[in-house]
Amino acid sequence: IFSRPRVLSFLWLWFLASLSSLAMFSVDSADVSEPEAALHLALLEQHQPQLASIGLPPQLWPVLLAKLRADRLDAGEAFTFAELPPDDDEETSSQECHNKEPPNKPKNTANGSGGLLDTPVEPDTDGGGVETASPKPSEKDLRMEGTPQGVERTPAARYVVVPASDIDVGGDVWLIDHCISFEDLADAVHVVSKHPSLHARLVEMLSLTADTAVSDVVDNLHRVAFTCSVKGSVENPGKRRYYVMDELGTRILPPSNELGLPPSVRVAPFLYLPTASLLSVFWPVAKLEAGVPIVRHTLQAMQSYGKQAYWEKRYQAEGGVSPDFEWYCPYDTLRDLMSELVPPSRRASLRALIVGCGTSTMGPDMAKDGFGEVVNVDFSTTAVATLQSRHGDGGGALRWVVADVTALEEAALGAFDVIVDKGTLDALADGHTDGDMSTAPVAVAALLQQCHRHLCPGGHFVLVSLAEPTSR
């Protein structure tokens with residue numbers, strides 16, 4: 001058993017040895033004071049759960065912490081952009097990328113975005129951090145094609161990220177800044193509206209015209225946005241956030257890419273606790289060759305989201321005392337849309353179904369807004385019991401059902417005039433791999449088939465999703 005002073009001395013020596021192993025962080029032990037080493041130890045203790053959970057090699061831990069302390073966003077020194085040939089070039093290969101400095105050269109300038117997010121981490125620790133049993137910005141991957149009707153997309157060069165020189169596995173770790181972080185779409189509209197420079201940056205990133213309305217820019221964020229959460233206590237669980245990485249992070253190729261290249265880097269979100277700054281980090285998991293586009297590894301933190309066991313465990317851990325939780329947006333955000341689809345004068349005789357209700361107040365809010373019957377379905381017994389205990393039967397308008405939304409026929413629920421899915425389709429897809437719906441065809445197709453089967457002729461299916469429309 002080691003005393004704390006001996007552990008401190010050991011970690012101090014290890015810290016110095018780790019730093020001196022890298023030229024850019026080489027240091028003479030005489031230049032590092034004991035208070036400095038003690039500070040590093042404190043940072044290491046604070047962030048150890050995150051460092052371990054994202055899978056960063058231990059020899060890179062001091063490098064990452066040193067960069068975070070110095071706010072050193074230096075990926076632009078090791079990487080640049082390469083322009084891909086046009087889409088119609090069927091012979092595209094990694095060797096055909098044309099090195100070129102694009103308008104948005106990787107600048108990695110800190111802008112202070114980020115914030116504290118929520119839900120317990122697995123494995124459970126007391127160190128706080130981004131929710132990730134394995135690396136994930138949350139990383140679900142939310143890239144998608146498609147633009148809201150009436151929004152023009154400008155022809156844009158397509159860039160990938162390439163190393164300026166060969167880089168070995170474990171050679172370094174880099175920070176990725178975030179352009180924007182937000183709680184829901186309404187929050188995103190507010191943030192983009194306040195910052196014209198951010199609007200211009202997102203317009204260029206999304207290949208939209210400069211006069212694109214803020215609301216339309218926000219509608220397109222699902223193409224480049226990710227979600228993550230940071231561990232919080234049951235009493236103060238925090239809030240889930242969405243974020244968009246900067247130009248460098250956004251242009252790292254996903255695992256399924258047109259060049260057919262295998263993953264070569266791992267990307268993960270990271271919360272630097274002293275400043276509560278959320279950013280992303282990435283490091284090589286294979287040797288990086290100069291000029292060859294880098295490909296991020298599968299983003300896995302939401303791998304359990306399609307599994308009943310995960311949700312049951314999560315809701316049980318909250319003990320029924322956590323506040324109601326809304327994915328993506330509350331009912332108030334959808335109220336105007338509901339009024340267009342179903343005028344208030346008709347609602348008293350209509351039936352609505354919430355698939356995957358979780359602990360959302362969507363159902364109770366719809367009942368208060370005049371719907372005659374709202375059936376709330378989830379496969380978590382704990383979630384349904386929690387909501388039922390809080391909201392009761394809503395004067396006869398609310399019904400609570402424990403059932404699998406991919407096999408609703410077993411619950412004999414009947415037909416509905418309105419069916420609402422707010423994040424359930426995404427959760428089923430993310431329960432498989434990387435947010436790519438094509439990897440979860442059975443679960444996603446089953447959900448949509450059940451919704452179609454239970455929807456009345458002329459009824460409305462309202463889907464709130466950040467998934468790729470070509471897949472959903």
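Start by selecting 178-182, strand β5, together with 241-245, strand β7: the two run antiparallel and are joined by 4 bridges. Keep in mind as you click around that this is a predicted model.

For a specific pair, pick Phe 182 and look across to β7, where its bridge partner is Tyr 242. If you'd like a reminder of what holds such neighbours together, strands of a sheet pair through backbone hydrogen bonds, either parallel or antiparallel.

Now widen the view to the whole sheet. It is open, has 3 strands in the order β5-β7-β6, and its pairing is antiparallel. On the edges sit β5 (178-182) and β6 (225-228), each pairing on one side only. Ignoring direction, neighbouring strands of this sheet are turned against each other by 30° on average.

## Stop two: the helices across it

Next, select 185-194. This is helix α5, which lies across β5 and β7 and runs at about 135° to β5.

Move on to 277-284, which is strand β9. Is β9 buried or exposed? Of its 8 residues, 7 are buried, so the strand is largely enclosed by the rest of the structure.

To see who pairs with β9, bring up 265-272. That is strand β8, antiparallel to β9 over 8 bridges. Click Val 265 and you'll find Pro 284 of β9 standing opposite. The two strands form a hairpin with 4 residues between them, and in this hairpin Ala 276 is worth a click for its positive phi near 55°.

Then select 174-176, strand β4, which pairs with β9 as well, in the antiparallel sense over 3 bridges. Here Ile 176 stands opposite Ser 280 of β9.

## Last stop: the cysteines

Finish with two cysteines. Cys 179 has 5% relative accessibility, so it counts as buried. Cys 451 comes in at 2%, and it counts as buried too. How many disulfides does a search of the whole structure find? The count is 0. For the record, a disulfide is a covalent bond between the sulfur atoms of two cysteines.

Technical notes: Residues numbered from 1 in each chain as written. Predicted model: local features only at pLDDT ≥ 70, side-chain atom pairs only at ≥ 80, totals over all residues. Heavy atoms only, no water. Pairing = 2+ DSSP bridges. Axes fitted to C-alpha atoms, helices over the stretch in contact; angles between N-to-C directions. Contact = heavy atoms within 4.5 Å. Disulfide = S-S within 2.5 Å. Buried < 20%, exposed > 50% of the residue type's maximum accessible area, 1.4 Å probe, protein only.
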